[in-house]
Amino acid sequence: MIEKILLLSNLAYIASCGTNNVPTFDQTKKTFDCTDGMDVTMPCNIMLVIDPLTSMTYYNIKEDERELRGYRARFDSNGNLVTLLPSSQLPLNFSSFPPPVQTDGHFRPIITINGQVPGPTIIAHENQRLVISVYNELKNVEGVTIHWHGMHHKDTQRADGVAFITQRPIPPNTQFTYDFYASPGGTHWYHAHSGAQRTDGIYGALIVKDTLPGNMYDFDYPDQHTLLLMDWQRDASIDLFYEKGFDLVYWKEVPAAGQEGYVPYSVTRSADGTVVGPLPFWSGIINDKGRHYDEMNQTNIRNSNLCNFNVSEGNRYRFRLIGAQALYAFRFSIQDHRMTVVSTDGSPIIPIEDVDYVIVNTGERYDVIVHANQTSGNYWIWAETLEVETNIGQGFYNSISKHRAEAILHYDESDDASIDDVDEIKTCTSSSPCKAINCPIRYYGDIIQCTNADEFESVPDHVIPQSIYSPNDTVFLNFGFDGESTTSGSSINGVNFRFPANPPLTEYAEFQNSSDMCPTRGCDHDVATHCACTHVIDISSQPRGSVVELVLTNRATDGSTPNGAPHPIHLHGHYFYVVKIGYPENDTSGLFSAANDDVECVITATNVPCPRNFIAVENQNGGFKQSLRWRDLIRPAGIDTQNRFARKDTVIVPYGGYTVIRFVVDNPGWWFLHCHIEIHQLEGMAVVIKELPKEIPTNNLITCPGAGGSLSNLRVSPLIMIVGVIITTLCVYLA
């Protein structure tokens, strides 16, 4: 476990590539709008500086100077920011300092992008060239990479930004440039893809402007109406990872007699009794603001400010929701306002109207239309967790109080800035049920009507390839906890993913000969054997234009208990079509009773538990077969219909169930497929898909990301190739 933590923290295998002078930047610049005065033919140059700072602290970071001495702040009883030091001990120019990073009003170490959490919003034309220079100023020898979540990087995988898969991490005091075209259009985002840095602050919105079909909204202001949702922790993410990795007990402060108010933390559960919260919820933030609820004293511990999202009465606005969370799914709603859902993960769908709740998992994006049709004033925006109190089996209700992120919808016509606290902002009854989308469980009684991802439909303008209805290959992948231990063994097919020392994209020869690679026949199937290796799903035999079907299952060894959780699965480099979601069985009260039986395991060997070892096993003829298959080789109803499946790049796999997705083989590369819950991915719930390897571009691949190295996606001239060789030589020399 120690070795795995060190590797995932990027404390090993980092090349030394020289240093760069860190440029100054404007900490108050919240948006890089590449569409302002620029057309699609004009490249947009952006600079992102990664800095370790602390929240609730004033720093003097401006374009003309860079001073990282901090001055701590707090909120007074009126919600105003004040410093802990008296004014006589502050510098003379303190009044010109930008405001501190607030998050939830709690002081803790953070990682900022240009002095901000989240980082600046990037807005671009579709197919516009983005040249983004990233400066790593982390002081703890941590490398960093940036993944552009939602970008497909056709022929440009070198810009995908996955540490040890497409590049080595950018070392501290080093600059690296990502150079790619913004495509596809829609609501996307960017975030760290190295260690546990994303949920410490390295994330931001990436909006690629598009036009939705129909006249559905009056205004689209991505710089004003984009909401990044985050479950924010009190401690640094890597600290939480260490605690969980060593199976330490979390302690929760509660108003309880004895034990001085502390009791061991127990997992929280959803309405069907399955697991939601293996880690304690601390705070929720929307964009850069939120507030922590003190459960001990049952009050908001900080008088924090909240974000306002302004609208004008009578107009319709496009709001963009981005799930940046570490763990918790959020159900998003707006007080007294219903929504029309028009897009998911940047891909337009046939509008779903009159929606009360949108459930957003980490990695997902949803675009909704909000009609400002209420009396002018202020209305709550809530993103609540799916946790419920001990009285489970009652739908969304009996939710754990205050486990949510909050913001305010403000009508411009209103001069009133106040808003009353409420216990709930939606009331759902059997006679007036609420409407939700993207539910991780099937049954919510008669008070919730849910439309799920396999029921979304692509807009008529999108032409679905006919080949999608006739997949060439089917691969079963089980997402479970069957690796080193049941608590820290996040795995796929019983294998904990181990990152290689050499990225396969840039250092293939070294990667191919690495001892980290999974054996050809898979890991030893002995029940006591821990299996950790670089897990590759090789679809190189599939020609361009063929279709691969993935059956993503979520089963534990004992399929009769509710001790598992849904997994949001993200595939890099592709859209996939969501074909079918199979849910587990529920009893009459809505509680989990048994896993879905559409899938069966065919392993019968001694000491091989099913479904732990779903990896391919050798058969008597010297070939290989999968240990999972459709029960009795009968494909379930609805899976082969020619529906207008919606496209996504992140989808939920319900616990005890499965999700069927299909994608077209058309993008050469090594593409990461993983659970987007950060701690699950860090523990090893991931694989790499090897696609069209003979077509992967091999020119202009700089193995060392320092010394101003660039991941250019352009067709490379001989001169640029020579420059690349020179830079690579310098990297090797400096190392």
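Predicted model: local features only at pLDDT ≥ 70, side-chain atom pairs only at ≥ 80, totals over all residues.
**View 1. A look into the largest cavity, with a volume of about 180 Å³.** The structure holds 6 cavities of 30 Å³ or more. Here a cavity is a set of points, on a 1 Å grid over the protein atoms alone, where a 1.4 Å probe fits but cannot get out; its volume is the space filled by probe spheres set on the points. Lining residues have an atom within 4 Å of a point. There are 16 of them around the largest cavity, and Thr199, Leu240, Leu279, Ala326 and Glu678 sit closest to its centre. Strand β13 (226–232) and helices α2 (237–245) and α4 (678–683) each give two or more residues to this lining. Helices (H or I, at least four residues) and strands (E, at least two) are DSSP runs, numbered from the N terminus. Sorted by class, the lining has 11 nonpolar, 3 polar and 2 charged residues. Nonpolar covers Ala, Val, Leu, Ile, Met, Phe, Trp, Tyr, Cys and Pro, charged covers Asp, Glu, Lys and Arg, and the others, Gly among them, are polar.

**View 2. Arg662 and Glu549 pair up in a salt bridge.** Their closest N and O atoms are 2.8 Å apart. A salt bridge means a side-chain nitrogen of Lys or Arg within 4 Å of a carboxyl oxygen of Asp or Glu. Arg662 is in strand β48 (residues 658–664) and Glu549 in strand β37 (residues 547–553), 113 residues apart. As for buried, that's under 20% relative accessible area, with exposed over 50% and partly exposed in between (1.4 Å probe, protein chains only).

**View 3. Asp356 meets Arg338 in another salt bridge.** The closest N and O atoms are 3.1 Å apart. Asp356 belongs to the loop between β25 (347–355) and β26 (357–360), and Arg338 to the loop between β23 (330–334) and β24 (339–344). Asp356 is buried at 4% relative accessibility, whereas Arg338 is partly exposed at 41%.

**View 4. Arg631 and Glu600 join up too, at 3.5 Å from N to O.**

Note on methods. Residues numbered from 1 in each chain as written. Heavy atoms only, no water. 1 Å grid on protein atoms, 1.4 Å probe; cavity = no way out; pocket = protein on both sides within 12 Å on 5 of 7 lines; lining within 4 Å.
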